[in-house]
Amino acid sequence: TEKVEAVDNQKVSALRPHTADATGQEMTTDQGVKINDDQNSLRAGDRGATLLEDFILREKITHFDHERIPERVVHARGSGAHGVFKLYKPLSELTKAGFLNNTEIETPVFVRFSTVAGSRGSTDLARDVRGFAVKFYTEEGNFDLVGNNMPVFFIQDAMKFPDLVHAVKPEPDNEIPQAASAHDTFWDFISLMPESTHMIMWLMSDRAIPRSYRMMEGFGVHTFRFINARGESNFVKFHWKPMLGVHSVAWDEAQNISGKDPDFHRRDLWEAIESGAFPEWELGVQIIPEADEFKYEFDLLDSTKLVPEELVPVLPIGKMTLNRNPDNFFAETEQVAFHIGNIVPGIDFTNDPLLQGRLFSYTDTQLIRLGGPNFHEIPINRPISPSHNNQRDGFMRQRIDRGKTSYGPNSLGDNYPLQVKEEAGGFKSYQERIDARKVRARSDSFRDHFSQARLFYNSQSEPERNHMVDAFSFELGKVKSVAVRQRMVGILSLVDKSLAGEVAAALGLGVQEKLETPINRSLPADANPSDYEPIEV
Ligand code: HEM
């Protein structure tokens with residue numbers, strides 16, 4: 001296919017001064033000294049030892065020695081693209097966010113799709129969740145919508161995230177398996193975590209083996225808030241709907257593709273954009289008035305639940321088009337730093353305990369992954385709006401801040417940036433009323449783990465349900481521990497008896513009527529074990 005001309009936008013132009021092209025240029029060292037020979041080291045005689053003074057050799061090898069940075073602790077394998085977001089109609093009644101009020105502007109975006117469990121070199125076609133992270137470079141600062149291709153999550157509280165990831169990642173003694181959920185530690189954890197049941201139904205469905213990144217839905221997962229100019233709040237759930245529709249591959253196709261082309265999704269996205277077949281998604285929102293916070297049988301703050309579209313329809317608000325491949329994978333796709341905490345005026349958080357923990361985790365991990373507190377200065381991470389404050393210094397500082405003072409209050413310098421009134425666009429957190437005791441606990445409203453898992457199973461067509469039975473049977477068939485298999489069948493029996501029966505038959509097990517109380521060493525010392533038992537609904 002023919003390559004089309006790359007599309008420009010405000011962010012892409014801002015990146016341009018940072019790009020370099022060596023075509024036709026003279027070779028130099030990093031210090032700008034012209035190089036006469038970069039292929040032979042400096043020796044004491046033709047066959048003699050290499051001299052330590054060879055600064056050209058030292059520079060070349062030193063840089064190479066430091067070329068790797070830590071891969072992301074999760075979502076290590078990904079593919080990125082530039083694009084734009086265009087709004088359909090102003091949403092002033094709902095949010096004061098500028099980019100959601102002006103239909104004239106095209107907001108630049110950078111998107112990174114990813115798998116979760118595998119390392120940077122793993123296959124694209126693993127049965128896994130896919131990350132769907134979008135950085136909107138708005139005129140009021142960066143807004144990151146760091147979502148997945150499934151609308152719910154495995155756990156309700158960020159406190160459990162390290163446990164979940166330690167269970168799903170390769171086992172610690174032999175680092176097997178790479179990029180697959182079919183192993184004992186994963187299913188051991190899941191079978192002890194009834195709250196994961198809904199997510200597991202999605203993970204064992206065709207949604208976990210997409211045909212293309214271009215054919216996936218995306219979800220913000222958590223409930224967020226929209227805030228309008230009058231300071232009123234509505235709850236909001238974000239959805240991305242692909243214009244090409246949602247498509248998956250079958251499991252045997254996925255395994256075949258993994259063997260033949262582990263870059264299948266990466267290649268597909270790259271080639272589509274190169275040839276001008278720009279992928280598009282509609283951004284949709286579900287709006288829930290504050291007054292309806294307690295209207296539903298599930299809790300809006302529980303990330304293992306979705307808001308069924310039959311109850312609250314998805315309102316399309318704009319379209320995202322990915323129209324330009326990155327110039328450099330490392331500089332852009334690897335160094336981009338998404339953070340759920342990057343919000344703009346008009347958008348705010350809720351108390352979802354998973355969301356709240358993520359607010360800490362992303363910056364924390366990026367501080368080590370990207371080498372210190374100045375990673376916001378890496379070109380791909382810079383906002384297109386100006387940024388000024390009194391944060392200074394630190395490893396790899398690029399900006400040269402002028403002026404005598406970097407503290408406030410001060411009376412000596414006039415370089416102290418002005419704070420901005422709310423009416424003029426200064427961010428002010430939503431003043432949610434809180435009157436509560438400090439407790440380490442889980443709300444009772446988070447305890448139904450099966451109704452929506454069943455809803456999902458029932459929403460599947462017969463061939464899709466068969467795929468799920470096959471997926472459970474395949475995955476659990478790889479689990480060595482019979483107790484784990486049995487316990488998992490027990491969990492499935494609380495979702496759907498026939499599903500449990502079919503999986504049990506494939507595994508040569510029976511379905512027990514009552515769940516065995518697992519030996520769960522992770523219960524707090526003073527816990528009442530029955531509080532941790534799944535409740536049948
Ligand atoms: C990375 C989504 C929960 C910690 C990511 C990425 C996505 C994502 C899309 C990849 C971003 C990229 O492409 O660079 C989600 C979703 C979650 C969730 C949708 C649940 C709704 C959590 C939780 C934690 C967490 C609970 C920790 C408490 C991380 C970390 C990274 C990451 C540390 C690596 C970031 C980096 O190195 O830049 N997540 N995640 N995530 N996530 Fe999450």
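In helix 10 (residues 451-459), the buried residues are Gln452, Ala453, Phe456 and Tyr457; buried here means 20 or more other C-beta atoms within 10 Å of the residue's own, exposed means 12 or fewer, and partly exposed lies in between, with C-beta atoms placed from the backbone. Because these four cover an arc of only 145° around the axis, they sit on the same side of helix 10, the arc being that of the directions from the helix axis to the C-beta atoms. Asn458 and Ser459, on the other side of helix 10, are exposed. The cover over the buried residues of helix 10 includes helix 5 (197-203), helix 11 (462-477) and helix 13 (497-507). Helices (H or I, at least four residues) and strands (E, at least two) are DSSP runs, numbered from the N terminus.

This is a predicted model, in which local features need pLDDT of at least 70 and side-chain atom pairs count only at pLDDT 80 or more, while totals for chains, interfaces and linings use all residues. Residues are numbered from 1 along each chain as its sequence is written.

Overall, the protein has 13 helices and 10 strands, and 37% of its 537 residues count as buried. Its C-alpha trace spans about 80 × 70 × 55 Å along the principal axes.

Definitions and conventions. Contact = placed C-beta atoms within 7 Å.
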